[in-house]
2 protein chains.
Amino acid sequence: MTPPEALRAEHPLDRADLRARVGKALDAFVSARRPTLETVSDELVPVADALADFLAEGGKRVRPAFCYWGWRGAGGADCDEIIAAAAALELLHACALIHDDVIDGSDRRRGRASVHRRFAALHRMAGWQGDPDAFGEAAAILLGDLCLTWSDQLLADSGLPSDALRRGSAGYDVMRTELMAGQYLDLLGQVSGEASVDRALRVARFKTAKYTVERPLLLGAALAGAPEQVRATYTEYGVPLGEAFQLRDDVLGVFGDPGTTGKPAGDDLREGKRTVLVATAIDRAGVTDEARIRRWLGDPGLDGPELAALRGIIVDTGALDEVEGMVAELTARALDALVGAPIEPEAGEVLAELAIAATARLR
Amino acid sequence: MTPPEALRAEHPLDRADLRARVGKALDAFVSARRPTLETVSDELVPVADALADFLAEGGKRVRPAFCYWGWRGAGGADCDEIIAAAAALELLHACALIHDDVIDGSDRRRGRASVHRRFAALHRMAGWQGDPDAFGEAAAILLGDLCLTWSDQLLADSGLPSDALRRGSAGYDVMRTELMAGQYLDLLGQVSGEASVDRALRVARFKTAKYTVERPLLLGAALAGAPEQVRATYTEYGVPLGEAFQLRDDVLGVFGDPGTTGKPAGDDLREGKRTVLVATAIDRAGVTDEARIRRWLGDPGLDGPELAALRGIIVDTGALDEVEGMVAELTARALDALVGAPIEPEAGEVLAELAIAATARLR
């Protein structure tokens with residue numbers, strides 16, 4: 001598989017200068033909300049700052065990119081309105097990440113302290129009363145709520161015509177409901193100890209796959225008033241690609257370089273995530289190895305030789321190879337869906353590049 | 001002040017059969033969302049059930065009532081569409097309560113276990129792995145997020161014309177932003193230990209007053225396309241009434257009967273809430289009493305003689321009388337705003353009754 005750098009100098013996520021424009025739209029939106037917060041009290045300034053920082057550090061803007069190219073693929077013209085609408089997905093995602101980090105007790109996000117840790121640090125610095133961690137979590141819950149509210153507002157205020165917004169709204173609602181439902185299912189998987197491959201795949205499908213690729217594409221399509229054939233193409237492309245994307249993420253969560261992922265190596269194992277990769281390893285392991293996996297998985301102190309041994313089991317059982325095979329097959333299915341599809345050529349080209357870039361082995 | 005029962009047999013919140021109709025609209029909405037959840041997994045059924053239960057137990061539907069009468073007062077006709085739109089506020093409120101209980105670590109809500117406690121109990125009953133309380137909080141964060149998402153969806157799908165919804169959207173967004181901001185300010189008050197009356201009033205204004213009365217009224221007005229004069233009346237009536245409402249709640253949080261409030265007596269004191277009532281008591285107390293207030297306030301084990309002594313200080317300093325005086329004055333100002341106001345007579349009558357019912361002494 002050719003790495004995207006060989007296809008063109010620029011990363012496909014940067015086509016149409018997308019990352020920069022989405023960043024600007026988010027910045028403008030948050031700036032415009034500052035007066036409302038400051039009317040309540042100037043003590044809200046750190047809240048607006050925390051959010052502006054979090055959004056500026058900003059990840060890869062994958063969901064806005066799929067929304068934008070979903071629109072363009074359906075014949076929508078490039079304009080600032082679709083950028084603003086696409087940027088709304090980044091606010092939704094900010095809520096998901098901020099709340100997820102509280103739920104998982106994750107200390108790091110995007111290579112920096114997670115939001116609840118930052119507010120805990122603010123509490124310590126100010127010498128306030130009570131438990132700094134409890135304050136941090138409370139503030140992060142509220143900031144996540146604000147992001148969720150604002151995501152909806154940014155979409156509504158994007159400047160797109162109201163009939164376009166009405167077309168987009170049903171799918172957007174399903175997307176948000178599926179996201180919360182998938183997160184709950186993920187949570188259940190961690191506490192029930194049920195680690196079947198089928199269950200892990202279902203979590204991957206709803207928590208990440210549809211939410212990351214298919215739903216953003218369909219939002220762009222709905223906003224553009226795309227016909228059924230275009231929407232069908234997006235589903236055929238988006239569902240397998242989203243799953244490939246999640247499986248790639250699972251592999252990175254175990255074997256990824258902290259410098260690239262922004263999280264300490266092996267974090268997913270310490271958090272006890274029942275990923276497809278882990279479920280496959282359990283499926284394939286003998287009695288002794290299965291017991292070792294179950295003993296180490298979810299141990300917050302897992303590191304050093306035990307972490308290395310757990311990784312070794314995942315490789316030796318053939319689970320890593322099997323998951324890599326699934327990634328390759330799912331990516332191929334996604335690319336197939338684009339062949340001869342009734343979408344605008346430039347969008348088709350970018351979607352193909354995105355499929356390759358998002359699933360390529362990084363090691 | 002005449003209790004509302006003397007004015008008419010039925011409680012003003014039940015006029016136009018409002019509580020029952022809002023309950024039905026919520027029920028229908030959640031039922032219609034079940035298939036989306038169940039497509040993800042039948043393990044989501046308890047989530048839908050928990051939400052349906054929570055909404056059915058349902059409080060007084062105060063915010064939907066103000067939204068509805070805000071619409072009617074501006075000349076809007078009674079219809080199911082405005083009931084659905086008004087019911088959306090109940091979903092927003094459900095999010096606020098569910099997340100607030102996580103933040104405050106409150107065990108009880110509406111006379112039953114709070115949502116995070118219920119999910120912790122589910123965890124224990126199922127014998128799952130890990131910490132039941134952490135699971136309960138995680139599930140409650142996600143359920144609150146779902147409520148926030150759905151509130152927006154219920155408003156958008158209410159069936160009101162899109163120009164009405166567009167008129168309503170700006171105020172609705174400010175309302176949600178103010179709510180989150182007010183909650184953060186409340187949180188800061190608890191950790192900073194700063195308990196000035198001014199600060200407590202500002203929290204009351206944004207966290208409860210505007211959010212409970214003025215913003216719902218203005219939402220109804222905006223949906224109905226009300227002229228400036230009507231909106232001005234709602235602000236003149238709503239802001240003081242909302243503050244009176246919050247002050248009444250502060251008094252109930254210290255002196256209220258658990259059978260009526262649904263929370264253990266003195267919960268606000270154990271949680272260390274810096275209410276206007278408490279701030280006034282601190283202001284008026286001598287050195288010894290101030291030290292006792294500061295020692296007991298926020299002590300999770302506060303009960304028995306110490307709780308009684310703290311209540312005694314609040315009475316003896318004159319703080320209770322002062323707050324009762326403020327309630328009476330604010331209520332009178334709210335009622336004054338209705339005199340000769342350009343709103344429909346039935347709505348004016350109900351708003352007057354609501355002002356009296358919501359602020360009357362219950363002891």
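At what angle do the axes of helix α2 (residues 18-40) of chain B and helix α5 (residues 80-104) of chain B cross? In this predicted model, the two axes cross at roughly 75° and come within 9 Å. Because angles of 65 to 115 degrees count as roughly perpendicular, α2(B) is described as roughly perpendicular to α5(B). On the side of α2(B), the contact is formed by L18(B), R21(B), V22(B), A25(B), L26(B) and F29(B). The residues contributed by α5(B) are D80(B), I83(B), A84(B), A87(B), E90(B) and L91(B). Sorted by class, the contact of α2(B) with α5(B) comprises nine nonpolar and three charged residues, with no polar ones.

A helix pair was also examined in chain A. Helix α2 (residues 18-40) of chain A and α4(A) have axes that come within 10 Å, with a crossing angle of roughly 105°. This angle makes α2(A) roughly perpendicular to α4(A). The residues that meet are L18(A), R21(A) and V22(A) from α2(A), and P64(A), A65(A), Y68(A) and W69(A) from α4(A). Six nonpolar residues and one charged residue make up the contact of α2(A) with α4(A), and no polar residue takes part.

Confidence was considered for the whole model and for chain A. The model has an ipTM of 0.90 and a pTM of 0.90. The average pLDDT of chain A is 90, and 97% of its residues score at least 70. Among the elements of chain A, the highest mean pLDDT, 97, belongs to helix α4 (residues 62-73). The lowest, 44, belongs to helix α1 (residues 4-7) of chain A. The pLDDT is below 50 over residues 1-7 of chain A, a stretch that has six contacts in the model beyond near neighbours in sequence. Where pLDDT is low, predicted coordinates should not be read in detail.

The largest nonpolar core of the model contains 189 residues. Those with the most contacts inside this core are Y184, Y237 and L351 of chain A, together with Y184, Y237 and L351 of chain B. Helix α5 (residues 80-104) of chain A gives the most to the core, namely 17 residues. In soluble globular proteins, nonpolar side chains tend to be buried together. With residues up to four places away in sequence left out, Y237(A) touches F66(A), V213(A), L217(A), A334(A), A337(A), L338(A), L351(A), L354(A) and A355(A). One of these partners, L351(A), is itself listed with Y237(A) among the residues with the most contacts inside the core.

L143(A) lies in helix α7 (residues 132-156) of chain A. With a relative accessible area of 2%, L143(A) is buried, because the cut-off for burial is under 20%. Beyond its neighbours within four places in sequence, L143(A) contacts V47(A), A50(A), L51(A), I98(A), V115(A) and F119(A). The C-alpha atom of L143(A) is separated by 9.3 Å from that of A94(A), although these residues are 49 apart along the chain.

V203(A) is part of helix α9 (residues 197-224) of chain A and is buried, at a relative accessible area of 11%. Not counting residues up to four places away, V203(A) touches G182(A), L185(A), D186(A) and T208(A). V203(A) and E243(A) are 40 residues apart along the chain, and their C-alpha atoms are separated by 9.9 Å.

Leaving aside neighbours within four places in sequence, the contacts of E178(A) are F206(A), K210(A) and R215(A) in chain A, and V40(B) in chain B.

Most residues other than glycine have a negative phi. A16(A), which is not a glycine, has a positive phi of about 60°. This residue lies in the loop between α1 and α2 of chain A, where A16(A) is partly exposed at a relative accessible area of 29%. In chain B, A16(B) likewise has a positive phi of about 60° without being a glycine. A16(B) is found in the loop between α1 (4-7) and α2 of chain B. The relative accessible area of A16(B) is 29%, and A16(B) is partly exposed.

Notes. Residues are numbered from 1 along each chain as its sequence is written. Chains are lettered from A and ligands numbered from 1 in the order in which they are written. This is a predicted model: local features need pLDDT of at least 70, side-chain atom pairs count only at pLDDT 80 or more; totals for chains, interfaces and linings use all residues. Side-chain values use heavy atoms; hydrogens and water are left out. A nonpolar core is a set of buried Ala, Val, Leu, Ile, Met, Phe, Trp, Tyr and Cys residues joined through side-chain atoms within 4.5 Å. Buried means under 20% relative accessible area, exposed over 50%, partly exposed in between (1.4 Å probe, protein chains only). Helices (H or I, at least four residues) and strands (E, at least two) are DSSP runs, numbered from the N terminus. Contact means heavy atoms within 4.5 Å. pLDDT is the predictor's confidence in each residue, from 0 to 100. Axes are lines fitted to C-alpha atoms, for helices over the stretch in contact, and angles run from 0 to 180 degrees between N-to-C directions. Angles under 35 degrees count as roughly parallel, over 145 as roughly antiparallel, 65 to 115 as roughly perpendicular and the rest as oblique. Ala, Val, Leu, Ile, Met, Phe, Trp, Tyr, Cys and Pro count as nonpolar, Asp, Glu, Lys and Arg as charged, and the others, Gly among them, as polar.
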